[in-house]
Amino acid sequence: MNVYFLVILTLSCILILNVGTSYADVIPPRHQQKIGMSSDDVVCDSGLFKVIRERTNSVACVEPENVTKLVGMGWAKKVDDKQLSDMINRKSIQVGTINILEKIPVRTNVGKLASSTSISGYDIVFEVCASTSIYAPDVLVRSDSESKRYEMIETITANSCVLSVSKIKAADANSITVTLLNKGDISQKVLSLQNELDSLKQQLLDAKQSFKNPQASDAQIQGTKIADLRKQVNDKREELHRLLFTLHSPQTDKQKLEKFTFSGNVIEGESASILSVIESVQTPGLFDAIFEVCAGDTTVRLPVVTITSDKQTIKIKLGDKVSANSCQMTSGKIEADDKSSINITPAGNASSSNKVTELEMLIGSLTGQMVKEKQVLKDLVHDSNRASNFTELFDAQVSKIVELRNQITNAKAEFSKILYLTYN
């Protein structure tokens, strides 16, 4: 009984310590699983290690130094020793600093009989300066009366600064502090995934550009390479947007193609056509179907095609959107008894395509508004001849920026969630 009590007490101390000393860059693992993410897909906060609970098979994120104890007590399943050692020995990353520029009091009437106003809080203007790139900067604002945290909408590039604002209740302006919570791990992972995705997309683009003749002797090899690269691109996209979704809640220029299909016909609306079908030498009955997908006057944002045969039906999510009046050439593998039975239906959008397009436009519009409102705020702060109603103007401007920031964060969360679920 004493041993059992000691185990429970030790475990409680470990878990309480984790909760009390960590600010999250990402939403908690339990919340991630509630929205449908699998145990494998759950992302842990900066500096925490992912373990699987022995009794429930659920995910927990704990301090790396405590993992061995939890495994030894039978609370967590065995983990990869090398991954654990790497995290324990990894140095913390200093990502940036915060400089407070202005603390402007916000006054309010106190009671109907009051002849004056009193200070209810402050509008805070500060800049976040990054020594290394910070994705989704996470800020904690504290005073003697209130604490609040929020996620900035900007990615701050290395050796640059971004202006931000907040409102906070405070009796004493000197008690107000602003702290950057990011530890660097998540930002580095996001930027690393983005670089990996860009590299794969370039490889896919190069492979498509070299794939000019579907009847060539090496067409099967080229088609297989494109299919493999497309899968890698989609997998990397899913991984990136899964991570972005946990943080919140990009576009690479495409080479413009002529308004002709690869087979030489004029593009007339949305279409999909088989260009060549080649049987696998190693696996009889398995075919590489090389096809082109074309968009008419409207861009196909999340293109999906269906290939059918007398034996199988498969759906393929293409790696990139099909721009208006352009085509993509790619391939897919399908089983068939009769080669001539293989067919492809015209390209279409995934069901969430319209929503993604709307969100992209909304984020772009809101971000443009944010830039304008921040410039107005900068002009107010740096105006040496401040108007008599400066405080009111300042407060109104801060309110606009805070509201815009909330709208952008929510839109980004929804955008990343849709793409994560699409490529999952």
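**Cysteines, sheet and helix**

Student: What does C61 count as, going by relative accessibility?
Tutor: C61 counts as buried, because its relative accessibility is 15%. Buried means under 20% relative accessible area, exposed over 50%, and partly exposed in between, with a 1.4 Å probe on protein chains only.

Student: Ground rules before we go on?
Tutor: The model is predicted: local features need pLDDT of at least 70, side-chain atom pairs count only at pLDDT 80 or more, and totals for chains, interfaces and linings use all residues. Residues are numbered from 1 along each chain as its sequence is written, and side-chain values use heavy atoms, leaving out hydrogens and water.

Student: How many disulfides does the structure hold?
Tutor: Three. A disulfide here is a pair of cysteine sulfur atoms within 2.5 Å. Counting bonded cysteines along the chain, the pattern is 1-2, 3-4, 5-6.

Student: Which cysteine is joined to C61?
Tutor: C44, with an S to S distance of 2.0 Å. The torsion about that S-S bond is about -85°, so the link between C44 and C61 is left-handed. Helices (H or I, at least four residues) and strands (E, at least two) are DSSP runs, numbered from the N terminus.

Student: And C44, buried or exposed?
Tutor: C44 counts as buried, at 13% relative accessibility.

Student: Next pair. What does C129 form with C161?
Tutor: C129 and C161 form a disulfide, with their sulfur atoms 2.0 Å apart. Its S-S torsion is about 110°, so this one is right-handed. C129 sits in strand β4 (residues 117-130) and C161 in strand β7 (residues 160-168), so parts 32 residues apart in sequence are tied together.

Student: What do those two count as for accessibility?
Tutor: C129 counts as buried at 13%. C161 counts as partly exposed at 43%.

Student: Where does C294 go?
Tutor: A disulfide joins C294 to C327, S to S 2.0 Å. With 105° about the S-S bond, the link is right-handed. C294 is in strand β10 (residues 286-295) and C327 in strand β13 (residues 326-335), so the pair ties parts 33 residues apart in sequence. Both C294 and C327 are buried.

Student: Switching to the sheet. What order do the three strands have?
Tutor: β6-β5-β8, in an open sheet with antiparallel pairing. Strands pair if DSSP finds at least two bridges between them.

Student: How many bridges for β5 and β6?
Tutor: Five, between β6 and strand β5 (residues 138-142). V141 is opposite K148 in β6.

Student: Last topic. Which residues of helix α3 are buried?
Tutor: In α3 (residues 64-72), they are P64, N66, V67 and L70. They fall within an arc of 130° seen down the axis, so they line one face of the helix. The arc is that of the directions from the helix axis to the C-beta atoms.

Student: Which exposed residues are on the face turned away?
Tutor: T68 and G72. Just after α3, G74 has a positive phi of about 80°.
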